[in-house]
Amino acid sequence: MTALGRNLRAIRARAWIRVVAANRELSWLLFDTLLPALATAGYIFVYRALGAPAAYEAYVVLGGVMTAFWMNVLWGMAAQFFWEKDMGNLDIYMMAPISRMSILLGMAVGGMLGTAMRSTVILALGLVVFRIRFEVSGLAAAAGIFLLSLTALYGLGMMLSSLFLLFGRGAQRWATVAQEPVYLVSGFYFPLRDLGFPLAAASASLLPLALGLDAIRQTALGPGTGFLPVHVETAALAALAALFLLCARRTLQAMESRAKREGSLTLKWE
Amino acid sequence: MDSAIRTADLTRTFRKPAGRGLPPSEFRALDGVTLDVRPGELFGLLGPNGAGKTTLIKILCTLLYPTSGLVEVCGLDVVRDCERVRERINMVSGGEPSGYGLLTIREQLWVFSQLYGLTTAAALSRIDRMIAQYGLAKDAGTRINRLSTGMRQKMNLIRGFMTNPSVLFLDEPTLGLDAHIARHARGFIREWMAEDRTRTLLLTTHYLAEAQDLCDRVAIIHDGQVKACDTPANLIAAHRGGAVYEVSLAGLNGAAESLRATPGVTVSGLATDAARGSTTLRFTLPDDSALPAALQSFCSLGGKVLNLSKHQVTLEDVFVAIAGRSLGTDGENA
């Protein structure tokens, strides 16, 4: 068996666990699908009560869709090594002749079932209940940017996972602390440019989510409220995707090496 | 390949950072360990908790770097060639809570087989054969979170066996198992080794009966150092110069612990029966001529000899003679 074949099998097996677990514990449908949809609906009602332009309702729906992927990256991918260690599986994965990126990718692919379901429900809520309309001509471009955003986002997730590997519970606490600020500076529920140029620029430089969401909104809803021109944001996303994937590979190796030197890979948390 | 596992002057130090007025400190878990395990050997590492057994096994499994020294598995350096080492090894720990609770035994084993590139057909055929061989066939569809400790450990052993590693590491494989299940587990280990004479197995344990029962050779490890290494029979034979006795004493009235300090006596077991007011002491002397002086010392503490017997030397006695202390667990898991 070649290394590539082994890694592909590992990705499939790790993804399969997620899918089987989701089918056997259906409570996630309530917690991960219906409750986030209610939160999105809440923002739409606020905008309607304030008499905001209809486009803002579409911003909220697209923000809600992207939130699902961010959650999958943060808790499904970045925190995966932490959870595996907590369950006693980390040694098994670390000792296996496979890339760490395969384990993370498998988890992310498996998590797509729940993520796609959550996104679909929020999108359906927007289209069917709130009758939000998108520019049909821009959907293909939006889909392309969406895929590019996901690549960058999951690259970032892999980078973050190396921090979890090294700092364990400490990293988990920081991720929890950072969750709401990330929602804010990514412009999940309002146009990114409303943050003001310095904050929006800082957010766009670090968070592929902010750039991707802004570009998707411009292509699916029409230009007018974007932070930067779509082609600039797309180029920046491509650069971030390449950078994060490259850095993820390096940081995973570096962090594993450091963890093996310090002994934190094999010792119990705290 | 002359050696399946080879270490030379292996040292591993853990650094504890400074904290709250305390300076940084170092702990040497392994101190100049030199070992040579031959292909096809079932080799035991025997030592008490904290002796360095698990640290050594983690280094051999590429989960921890050595601080210094040479470490090779299947002729490959575990630091430089770690990917190639990983293709050839597997490891199972005792009391391992690994796995995903919602998966069944069969599903769980399939998942782990995929990390080693087994095709699904080959993996399932091997898993089904082993599940039947180790008495888990009727539980193959049981979820992991419903397994008893013994069943879970059988599953863990299959996880290690099924990838057919050249070198398998078992870290305290019968830890926490009752005597019956532990005996079964030892049987599985023997069967797996007998299937292919080129397989090598390194087992760590602090159960003396397990080491004596299973291992071709044993290394006694204590305070991070290998104190002795040979076949159990040779270790015992080399110790025959000493004499092992067991004495029952009455009337010590709380002075039982003082027996440990008796000059010339190495105590390997001390048990007090409060109801009967007696103390049983197992001890080693350099030779029989030292017995009268030892008995006189016991009596000087107020003890009255109820019974005295001489015993065959066991690995426990060897361990006590070498390490200066008892493992204190012999028989728990026999």
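**Two open sheets in chain B**

Visitor: What makes strand 1 (residues 5-16) and strand 4 (residues 68-73) of chain B a pair?
Guide: Strands pair if DSSP finds at least two bridges between them. Five bridges join strand 1 of chain B to strand 4 of chain B, so these antiparallel strands count as paired. One bridge links B:R6 to B:E72 in strand 4. The model is predicted: local features need pLDDT of at least 70, side-chain atom pairs pLDDT 80 or more, while totals for chains, interfaces and linings use all residues. Residues are numbered from 1 along each chain as its sequence is written, with chains lettered from A and ligands numbered from 1 in the order written.

Visitor: Why are strand 12 (266-273) and strand 14 (304-311) of chain B placed at the edges?
Guide: An open, antiparallel sheet of four strands in chain B has the order 12-13-11-14. Strands 12 and 14 each have a single partner strand, so one side of each lacks a neighbour in the sheet. A strand here is a DSSP run (E, at least two residues), numbered from the N terminus; a helix is a run of H or I, at least four.

Visitor: How many bridges join strand 11 (residues 243-250) of chain B to strand 14 of chain B?
Guide: Seven, and the two run antiparallel. B:V247 stands opposite B:L308 in strand 14.

Visitor: Which strands does helix 9 (residues 291-300) of chain B touch?
Guide: Helix 9 packs on this sheet, touching strand 11, strand 13 (278-285) and strand 14 of chain B. Contact means C-beta atoms, placed from the backbone, within 7 Å.

Conventions. Two residues are in contact if their C-beta atoms, placed from the backbone, lie within 7 Å. Axes are lines fitted to C-alpha atoms, for helices over the stretch in contact, and angles run from 0 to 180 degrees between N-to-C directions.
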